[in-house]
Amino acid sequence: MSVSVGAVVEARPPVSGGEVRAEVLGVAALPSAVPVARYFARALLGSWEVDEARRWACQQVLAELVGNALEATGEPGGTDFEARGIAMMLVRFQMCAAHLVVEVRDDSAALPKVGHGALLDEGGRGLMLAEALASGWGLYTLAVGKVVWAAWDLA
């Protein structure tokens with residue numbers, strides 16, 4: 001499912017039968033979350049023998065999704081998680097014969113904004129990047145928070 005720019009529609013990621021590989025990464029909502037998630041994705045998808053082009057696309061989209069979640073839930077600076085109550089994000093990777101899916105979960109109820117960033121804007125292009133590099137993307141809400149996902153067709 002692909003969401004057009006300007007519209008946010010709830011949808012679950014694609015699911016197909018057969019063997020499913022899955023991994024979950026928990027990251028603190030700190031600026032280090034983006035490079036940590038990218039590094040983890042590169043290593044994991046390499047071990048799953050995902051081709052280089054999809055690995056690269058997944059890393060780019062994942063960086064945007066984690067950045068959006070960080071903006072929605074993050075605390076600036078610091079590493080004392082317990083004392084400061086730093087929010088956590090979960091990044092889930094799933095792969096079956098037909099699809100590779102990456103999901104980013106955060107506790108914020110704020111939905112991502114889809115739009116066109118102006119030439120000098122620092123943001124506003126992340127979901128457009130997901131639209132361009134993934135086979136589809138979407139989001140679904142939870143009792144607390146939301147999950148934003150991107151998927152790539154493998155078959």
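Glutamine 60 is buried, with a relative accessible area of 17%, where buried means under 20% with a 1.4 Å probe and protein chains only. This is a predicted model, in which local features need pLDDT of at least 70 and side-chain atom pairs count only at pLDDT 80 or more, while totals for chains, interfaces and linings use all residues. Residues are numbered from 1 along each chain as its sequence is written, and side-chain values use heavy atoms, without hydrogens or water.

Glutamine 60 sits in helix 2, helices being DSSP runs (H or I) of at least four residues and strands runs (E) of at least two, numbered from the N terminus. Leaving aside neighbours within four places in sequence, glutamine 60 is in contact (heavy atoms within 4.5 Å) with Arg38, Leu129 and Leu133.

Helix 1 (residues 33-47) and helix 2 (residues 52-73) pack at an angle of about 155°, with their axes 9 Å apart; axes are lines fitted to C-alpha atoms, for helices over the stretch in contact, and angles run from 0 to 180 degrees between N-to-C directions. The two helices are therefore roughly antiparallel to each other, a term for angles over 145 degrees.

The sheet is open, with 5 antiparallel strands in the order 1-2-3-5-4, two strands being paired if DSSP finds at least two bridges between them. Its edge strands are strand 1 (21-28) and strand 4 (136-141). Helix 2 lies across strand 2, strand 3 and strand 5 (146-153), running at about 170° to strand 5.

Terms used: Angles under 35 degrees count as roughly parallel, over 145 as roughly antiparallel, 65 to 115 as roughly perpendicular and the rest as oblique. Buried means under 20% relative accessible area, exposed over 50%, partly exposed in between (1.4 Å probe, protein chains only).
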